[in-house]
Amino acid sequence: WVSLESPFFMPIFFFACRISLRAVRLLALLSLSAAAQAAWVDADHPHIQYLGRVSMANPKAPAFSWTGVSVRLRFTGPSISVRLRDTYNRYTVLIDGIERGLLEARAEQEEYSLAHTLGEGTHELQLIKRHESNFTKAEFLGVRLSDGHTLQPPPARSMLRMEFIGDSYVACYGCELNRREGDDQDYRRFTNVSRSFGSLVAKHYGAEVMVNAYSGKGLVRNASSDTSGR
């Protein structure tokens, strides 16, 4: 301890402040260096696969609304983040074939960290849109990898393609809800197209799947309050 009345107090105080400022500057430089080392990959990279109904009108921001759309790629290194311009949707995150949780898009956020403690080898990511959102448009903007790491050639696409067209049964609307009825947010949270019969049939046969499903749409009339005439 040094008394505030001691003649040594001020020199010691200013010396400590100089050390603290240097530490802050060093941490800031290290943070900037780490950010600069992260490798950004644009959405139009040829090693990124888009499965399902996706608009490539802007290759830097492929757009989609339909359920079951997915993005698939292979990468090296321990970490990966994705950038999405999306205000509503939820996505299943598969890494090396294992479900690693959910990504829930937010209006105020574009970049999402999906993993940061993977091994140094090659890994596979698949991001699957879980539910319908025909009133919104999502855009995939690319990925960020660890320093010095790159995308690898993607897995070969299946020669077998299966398309499923239908309504809520095909979309697997609310399939994980533990009661018969819910509200709009319940159906958003508890719909998982990967558990739909179409997705399961395609998986059984090793096929690439496209789900064009719209809850409430009928051949003769529509359900609920949809009176659009379409």
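Two bridges join β4 to strand β11 (residues 151-152), and the two run antiparallel. Within this pairing, Phe 75 stands opposite Leu 151 of β11. The model is predicted.

β4 covers residues 70-76. β4 also pairs with β2 (residues 49-51), through three bridges and in an antiparallel sense. Here Leu 51 has Ser 70 as its bridge partner in β4. A further antiparallel pairing links β4 to β9, with seven bridges. In that pairing Ser 70 faces Ile 128 of β9.

| Partner of β4 | Bridges | Direction | Example pair |
|---|---|---|---|
| β11 | two | antiparallel | Phe 75 and Leu 151 |

How much of β4 is buried? Six of its seven residues are, so the strand is largely enclosed by the rest of the structure. The cut-off for buried is under 20% relative accessible area. In a regular strand, side chains alternate between the two faces of the sheet.

### The cavity

A search of the whole structure finds one cavity of 30 Å³ or more. Which residues line the largest cavity? The lining consists of Phe 64, Val 69, Ser 70, Val 71, Leu 84, Tyr 91, Leu 127, Ile 128, Lys 129 and Phe 140. Two elements give two or more residues each to this lining: β4 and β9 (122-129). β9 supplies the largest share, three residues. By class, the lining divides into eight nonpolar residues, one polar and one charged.

Where does Ser 194 lie? Ser 194 sits in the loop between α3 (184-190) and α4 (197-204). Ser 194 is partly exposed, at a relative accessible area of 28%. That value falls between the limits of 20% for buried and 50% for exposed.

Ser 194 touches Ile 128, Ser 199 and Leu 200, leaving aside residues up to four places away in sequence. From Ser 194, Lys 129 is 65 residues away in sequence and 9.1 Å away in space, C-alpha to C-alpha.

Terms used. Residues numbered from 1 in each chain as written. Predicted model: local features only at pLDDT ≥ 70, side-chain atom pairs only at ≥ 80, totals over all residues. Heavy atoms only, no water. 1 Å grid on protein atoms, 1.4 Å probe; cavity = no way out; pocket = protein on both sides within 12 Å on 5 of 7 lines; lining within 4 Å. Points joined across faces, edges and corners; volume = space filled by probe spheres on them. Helix = DSSP H or I, 4+ residues; strand = E, 2+ residues; numbered from the N terminus. Nonpolar A, V, L, I, M, F, W, Y, C, P; charged D, E, K, R; others polar. Buried < 20%, exposed > 50% of the residue type's maximum accessible area, 1.4 Å probe, protein only. Contact = heavy atoms within 4.5 Å. Pairing = 2+ DSSP bridges.
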